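Trainee: I am new to this structure. Could you walk me through how to read its features?

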Amino acid sequence: MRELPFSREALTTAKLLADENVKAKLVRFLTEEGVDVKYAAKGMKNSAFFTVACKENRVLLTHDKGFLNTALYKLTSSQGVVVIDIHQPNISTLKSAITRLFKELAPKDFKGKLVNIFVHFTNSTLSRLSN
């Protein structure tokens, strides 16, 4: 039996809303692992995307660094925001980073928080920021 890449809690409770800029292969990987992920509508403005994520109680998943500006988004009303800030991301790096995220943090830990995933040289780093 293979080891699950995510904690049991992540598989059963994580609900994500992926931005259109998140690679389909990453969304497929998450879905195949049992994570509840859906895409936001194409062309949706950031403010509307944030509002939908809040209303649907989903963690917002994006590559858009605009979400790092916490003055624009009331994180306390959200399930959390995850910004994947990886320059020229390949699917292997993305899978590794998101797997590490879900191993280190339970979905309840995202609530009202901004999590920035970035890769510096060969080491991936998780940075959890509060509002």
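Mentor: Gladly. Look at the buried residues of H2: they are covered by, among others, strands E1 (15-18), E2 (36-39), E3 (59-62) and E4 (81-85) and helix H4 (91-104). Contact here means heavy atoms within 4.5 Å. Helices (H or I, at least four residues) and strands (E, at least two) are DSSP runs, numbered from the N terminus. This is a predicted model, in which local features need pLDDT of at least 70 and side-chain atom pairs count only at pLDDT 80 or more, while totals for chains, interfaces and linings use all residues. Residues are numbered from 1 along each chain as its sequence is written, and side-chain values use heavy atoms, leaving out hydrogens and water.

Trainee: Which residues of helix H2 are buried?

Mentor: First the general idea: an α-helix has 3.6 residues a turn, so residues three or four places apart point the same way. In H2 (residues 24-32), Leu26, Val27, Phe29 and Leu30 are the buried residues. Viewed down the helix axis, they fall within an arc of 160 degrees, so they line one face of H2; the arc is that of the directions from the axis to the C-beta atoms. On the other side, Lys25 and Glu32 are exposed. Buried means under 20% relative accessible area, exposed over 50%, and partly exposed in between (1.4 Å probe, protein chains only).

Trainee: And a strand, which way do the side chains of E3 point?

Mentor: In a regular strand the side chains alternate between the two faces of the sheet. From E3, Val59 and Leu61 point one way, Leu60 and Thr62 the other way, and all are buried. E3 runs parallel to E1, joined by three bridges, and parallel to E4, also by three bridges. Strands count as paired if DSSP finds at least two bridges between them. Leu60 is the bridge partner of Leu17 and also of Val81 in E4.

Trainee: What does Asp36 form a salt bridge with?

Mentor: A salt bridge is a side-chain nitrogen of Lys or Arg within 4 Å of a carboxyl oxygen of Asp or Glu. Asp36 pairs with Arg58, their closest N and O atoms being 3.1 Å apart. This pair links distant parts of the chain, 22 residues apart: Asp36 is in strand E2, Arg58 in the loop between helix H3 (46-55) and E3. Arg58 is buried, at 9% relative accessible area, whereas Asp36 is partly exposed, at 34%. Arg58 also forms a salt bridge with Glu56, at 3.3 Å between the closest N and O atoms. Asp36, Lys38, Glu56 and Arg58 are linked in a network of salt bridges.
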